[in-house]
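These are my notebook entries on one structure.

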Amino acid sequence: PRSTRFPYTTLFRSRDKLVGSLIVAVIATVLGGLIVITIPKIVVYYRCYTKPYITFESDFTQVFHLSKEVDALEYSVGESKWKKLNTQTIVFGGNHGKLLLRGKSNTGTNGATISFGTNSEVICTGDICTLVDYKHYDKATTSNAKFKHLFQNCKQLVVSPKLSSKVLADSCYYDMFGGCSSLRVAPELPAEYLAMSCYSLMFRGCASLEKAPILPAMDLAKNCYSDMFENCTSLLYAPELPAENLDTLCYCEMFFGCTSLEEAPKLPAKKLANKCYLAMFHECTSLKYTPELPAENLAPSCYSYMFSRCTSLTMDPKLPVMNLAEGCYLGMFENCTSLISAPTLPAKDLADYCYSLMFNGCTSLKYAPKLPAKNLAEGCYLKMFSGCTSLEKAPELQGENLAEKCYLEMFSGCTSLRKA
């Protein structure tokens, strides 16, 4: 380091970025991460940080608490010395200054949950990887790091930290921001290779979130996006979903209860997985149009309850697939009360419960599709049109080889039905 006595500043060899500003300095010297400002009879120590530590800011006094101790985590308030972080109460914000966290925990935060003691809004910045290895955060190994539940129900949180990990652990961000009802902007999610349940419930109940982050992954994992945006009631725009290699329950209930969502993303996958789209758009009450469904190979329960309770839905997708799977269309349009007509269903060989409850409760449905199938299966038409109170004419039933419960309650509650 170099220093100067005149006129008032310093030149020093450092890549450190000074946080804050100093108006007057007579002598300044950099010593091991500290800038020592020397004024006659006064020595001022001003700490400069170079790493994107997890940083909490609030305009007013706020109280921080971590639900359980996590090894190798430290904290600093108002640029004070670093101390070991356990479950103590920490006051920050307002005149107390910022709260910074850092660590060397290769397992992340191990399910510990942050809470705040007042209603003052909190901004959280920095890189989550500085909790894994703050010295080498840009190269931190995150394959075992989990941050599930970390900000669960932090209603004061309005800005989230950076999540730069590209290698994810199973359940790594599970329910991370669940219940953060004031969170307005989601962090970027750059990972291209996912892990089981990695984003499950991540933004559950984030009622102020209007736009979802980009999801670039092409190869999915079991439960990876399940319930990710559940009850994000302000979400207007869904992310693109380019993945073509799906896995079990990968999109299950992904947009469950997103009542402001009007348009669904494209779904290009042609080969499906078990329950991959299960209840994906359940109760998206503003959704008017469905995406195209180009899949040629179905899987058990792949489209089950996919659009159930989408009460504004008027257009249905084409369903040209001839080879069905067990429960593939089970409850797909259940309680879609604005749906007037049904898609063509050309399959001639059915699977167990394939069309069961498919249009149950579709009170505006006037026209049923043709049903050319001759080889039926157990429960294949079970309650298919149950509660369709506007249906006036039943389709011709051409089944030759019947099965147990194949027609059970198929038209129950169809009070306008005049011709069978």
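Is Tyr 381 buried or exposed? I found Tyr 381 buried, with a relative accessible area of 2%; buried means under 20% relative accessible area, exposed over 50% and partly exposed in between, with a 1.4 Å probe and protein chains only.

Basis of the entries. The model is predicted, so I note that local features need pLDDT of at least 70, that side-chain atom pairs count only at pLDDT 80 or more, and that totals for chains, interfaces and linings use all residues. Residues are numbered from 1 along each chain as its sequence is written, and side-chain values use heavy atoms, with hydrogens and water left out.

Entry 1, aromatic rings. I counted rings of Phe, Tyr and Trp (its six-membered ring) as a pair if their centres lie within 6.5 Å, with planes under 30 degrees apart called stacked, over 60 edge-to-face and the rest tilted. The count by this rule is 28 aromatic pairs. One of them is Tyr 251 with Tyr 277, stacked at 5.6 Å centre to centre with 5° between the planes. Both residues lie in the segment after β12 (157-159), so the pair ties together parts that are 26 residues apart in sequence. Strands are DSSP runs (E, at least two residues), as are helices (H or I, at least four), numbered from the N terminus. Tyr 251 is buried at 1% relative accessible area, and Tyr 277 is buried at 1%.

I then looked up Tyr 381 and Tyr 407, which are stacked with 5.7 Å between centres and 5° between planes. This pair links distant parts of the chain, 26 residues apart, each in the segment after β12. Tyr 407 is partly exposed, with a relative accessible area of 27%.

Arg 102 forms a salt bridge with Glu 74 (2.7 Å, N to O), the term meaning a side-chain nitrogen of Lys or Arg within 4 Å of a carboxyl oxygen of Asp or Glu. Arg 102 in strand β9 and Glu 74 in strand β6 are 28 residues apart. Arg 102 counts as buried at 12% relative accessibility, whereas Glu 74 is partly exposed at 25%.

The whole structure holds 7 salt bridges. Among them, Lys 84 meets Glu 69 at 3.2 Å, N to O. Lys 84 is in strand β7 (residues 83-84) and Glu 69 in the loop between β5 and β6, so parts 15 residues apart in sequence are tied together. I also noted Glu 121 with Arg 184, the closest N and O atoms being 2.9 Å apart.

I took a core as buried Ala, Val, Leu, Ile, Met, Phe, Trp, Tyr and Cys residues joined through side-chain atoms within 4.5 Å. The largest core has 124 residues, and Phe 56 and Phe 203 have the most contacts inside it.

Beyond its neighbours within four places in sequence, Cys 172 is in contact (heavy atoms within 4.5 Å) with residues including Phe 147 and Cys 198.
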